[in-house]
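Here is a short briefing on one protein model.

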Amino acid sequence: MSFIIVLSFSIILQLSAAVIALWLIKVTGHRFAWTAIATAIFLMVLRRAVTFTRYLTGDIGYFPDMAAELIALLISILMVAGIAGIAPVFRSIQRTNMELRKSEHRLRNAQHIALLGFWEWDLRSNTVYLSEETYRLFGIQQEELEGNFDRFFTLVHPEDRQKLQESLEISIQKDFAFNSDFRVTLPNGEERFVQARAEVVRDKSGLPLRMNGIVLDITHRKLAEAMVVQAEKRYRNLFEQAPVKALVIRNCDGEPVIEDCNQRFLSSLGYTLEEVLEQPLANYYTEKSYTKLIKGLCYNLSRGGDVTQQECELTTRDGRIISTLVSAVPLTDSGGGFSGALMMHVDITERKAAENELRKSRARFAGILDIAEEAIISVDEEQKIIIFNKGAEHIFGYSSKEVLGRPLNILLPERYRTVHPKHVADFSASSAVSRRMEERGEIFGRRKNGEEFIAEASISKLKMDGEVIFTVVLRDITAHKQAVDDLKKFKSISDKANYGTLIADLDGILLYVNEALAEMHGFIPAEVAGKHLSVFYSPEKVEDCFNLIKTIKNKGGINAEEIWHIRKDGVIFPVLMSASMIADESGSPMVFSATVIDITERKAMEDQSAQLEAQLRQAQKLETIGTLAGGIAHDFNNILTPIIGYTDMAITSVDADSQAHADLQRVLKAAHRAKELVQQILTFSRREEENFSHVKIHLIIEESLKLLEASLPATIKLRKNIRSIDETVLANPTQLQQVIMNLCTNAYHAMREHGGVLEVSLELTRIDAEFAYLHPRLHEGEYVQLTVRDTGCGIDEKTKERIFEPFFTTKKIGEGTGLGLSVVHGIVVNHNGEIVVESKPGEGTTFRIFFPVSAGDTDAESSEGAFKLDGEGHVLIVDDDEEIVSMGKQMLEYFGYQVTTKTDGTEALDVFREAPDKFDLVITDQTMPDITGVEIARKLLTIRSDIPIILMTGFSEMVTPESAKTMGIHEFILKPIVLNDLGRAIQRALKKRGRRKT
């Protein structure tokens, strides 16, 4: 019997295991494995059933083994237990898979509803994976992207790409969480705001592998934020402008405090905002009002009620009581719970004033609407007009009275009236709070007179008291369309203008070039259209082009900027360029336009003007130095006068063969060289008395070369080619000698190191019209040409421009004064001539000087022979320099005269006035501290009209020999005074008087 029980349990357990295995086929979906297991178990059950049958039929050939059956029973138990234990696991897996499929479905739905997409960027392969919602957000198909991140990046709005790129780089480099808002441009042109967040996944060494993140469409949020900001500003303005005393309180369950209040509340009570914020509400009410009303008011508000127009009393800072009607509404927090209340007080005593203020507030609101140039139209849900501002009246031609309460359709063309309600319904049902109406295509409005116009409009919706209010802001863009047409006309006119015109984008790409500008640069417009502005710049100036574009963008334009452009053939030329930015309707810079004028001819005129200005400055410089030279000459001559005078007298008192006589001759020679230097200075400054006469210039040149030839070294050969010329030149012989000597001395210095040839030639030549045009100082006619040529080191162009400047020299210190060529130039110009220089470094120098031929005979030179004077009489000598007075006294006494000396002009006049007949001659200096020599002479002549007067001067601009004679002065002599010159002057002065004393 026990055997039957064991066998029965084995069969039952094995059948259970087989059934569970069959059930697991459905749960796991693994048909083969569990079918095989179930089949094996069924075979085991069949074997147990055969054994059971044979045992019951008494098959004597079968002897059951109890131990084996017990083992089989144990195995069956373990089998059932094992399969039964596995079943819950698979059941859990089944439930998990089902939940996973549901979650995936819900996630896709959530992503779709939330406009949320997933993305993964492989940094090593630069490939990107996007979820289905991400593809939908970006408006592209998966095959369009092909997993390429760079292609994905092109969808980002151009203005946001750099910022996005920098955010990605910072996140990757510094391991920061990536979070960035940016715009994307869909293939249909629509712009959306998105927010992307991601984290960087790195390997064990810290190298970045990929970025995993999400992208969220925040277009609606951005628009909503903008609307919230506007709403906050609008409601804050309403709060401040409200015609009541308004305040916000919190903590109504406990002791309420003031969280905010408007200025009207503060002004009426006499407090500042800082004094009332966070202060207990009880401080501003009478005790009676607060106890009986405010506490109950707060209690009602905290439980969802509200308060309307209950009377209470406020207390001011100075103790006054204000009776008001208070109304309050509860405020809730983000969770919908009670957080405080908005309380408004109306001053009952000033109800009329409050009502008037309310009317003013409404007028201000209406005024805000009315000052807007755009049409602002609000309609209710039935599309009936409830607001129609002045801008709308102006655009549509209706008055507000004519349209208020009427359907909006009266403002639409007939063809839009059927479809308009559907568009409004779609917008009302959408989540958007505003949109631009022209997104669906061009929109038109209809004026009262039936005229249609093209418009630009945006619509917004606002739900108030359960009703949706639609507001349209519309602008008539007929003028804008006209501007586009005008631009086309502008291009047509610009192409015919004689000045250059261009339009370029902010990167400098030429969008439009007129024919004049293209022709100016040697192009045709088609050759440069679409190219960069730098096409008009030489390669080395391209950087200047980019700097110019940067300046235009930063400053909004340039005005008359001088720039160097290059033509197609490589010729560089100057232009004058003015440019200004052109902004779009939002005020953002879009392109810039410029005008370009070729100023090549004007620049040439400016250069010529600059040369004339340089010549003027040079003339002014010469005049200034000349003034300085004249001042120096006076003092220098006063110094030389006693040196030459005393030396002259000393020579007469020593033996001619003695060493002292030779030494004095050297001193005298040096003094005369100093005198000649002063004469050079005066000649340079044109302040020396010039005595011109008709001279034969070849005789002066021959005489000068004889003196020069003896001083030249053997290494320099003098070659003369001096023709005898009968024609004369009106000139100062001494100055001509200075010209010869200075030019030859310069030639000697140029050849002294290596030797050479100094060639001096003189010839008669004729100046033609062409040569005279090139040298304005010359005229057509006969000229004597003096040429001085050397084979020295030559002069470069830069030095040649300055050789005639005073004190300019290339010689070493101590070798030259820098006056030589300046003096030569001054003499030549003063003789109505011209000097021309031809020189190149290493090829020598040639000076050609032209003197005009004069019509006249050679002036006879008088020779007085040896001068002797035996003086008799009394001479008064006047000079503020004691040395000159002492020296003059000795000279006059040497000639045999009695001498009275004075160093003060006024004292000299007093002495002469006491005994005018005592004196036979007066010698006076011109420049003295208190009185001039000319003034002394005038007063002397009023005392005694026949008194001979000699005027001495080292330099004077005021007095010349001619002017001195007209004033009654007999002689005019220049310092330094030479003994023989003084004696001859005395002799001439006495002769002119009509008597001679010897």
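In what order do the strands of the open sheet of 5 strands with mixed pairing lie? The order is E23-E25-E26-E28-E27. The model is predicted: local features need pLDDT of at least 70, side-chain atom pairs count only at pLDDT 80 or more, and totals for chains, interfaces and linings use all residues. Residues are numbered from 1 along each chain as its sequence is written, and side-chain values use heavy atoms, with hydrogens and water left out.

**The mixed sheet**
- Strands (E, at least two residues) and helices (H or I, at least four) are DSSP runs, numbered from the N terminus.
- Two strands pair if DSSP finds at least two bridges between them.
- Strand E23 (716-722) and strand E27 (834-839) stand at the edges with a single partner strand each, so one side of each has no neighbour in the sheet.
- On average, neighbouring strands of this sheet are turned by 15° against each other, direction ignored.
- Strands E25 (residues 756-767) and E26 (residues 781-790) run antiparallel, joined by 10 bridges.
- Leu 758 has Asp 790 in E26 as its bridge partner.

**Helices on the mixed sheet**
- Helix H22 (residues 697-709) packs on the sheet and touches E23, E25, E26 and strand E28 (845-852). Contact means heavy atoms within 4.5 Å.
- The direction of H22 makes about 165° with that of E23. Axes are lines fitted to C-alpha atoms, for helices over the stretch in contact, and angles run from 0 to 180 degrees between N-to-C directions.
- H23 lies across E23, E25, E26 and E28, and runs at about 140° to E25.

**The cores**
- A nonpolar core is a set of buried Ala, Val, Leu, Ile, Met, Phe, Trp, Tyr and Cys residues joined through side-chain atoms within 4.5 Å. Buried means under 20% relative accessible area (1.4 Å probe, protein chains only).
- The largest nonpolar core has 39 residues, of which Ile 701, Leu 758 and Val 760 touch the most other members.
- Helix H23 (residues 733-751) gives the most to this core, with 7 residues.
- Beyond its neighbours within four places in sequence, Val 760 has contacts including Ile 701, Leu 705, Cys 744 and Leu 786.
- A second, separate core has 27 residues, among them Val 128 and Met 211.

**The parallel sheet**
- Another open sheet of 5 strands has parallel pairing and the order E30-E29-E31-E32-E33.
- Strand E31 (residues 921-925) and strand E32 (residues 949-953) pair over 4 bridges.
- Helix H29 (residues 933-943) packs on this sheet, touching E29, E31 and E32.

Methods. Buried means under 20% relative accessible area, exposed over 50%, partly exposed in between (1.4 Å probe, protein chains only).
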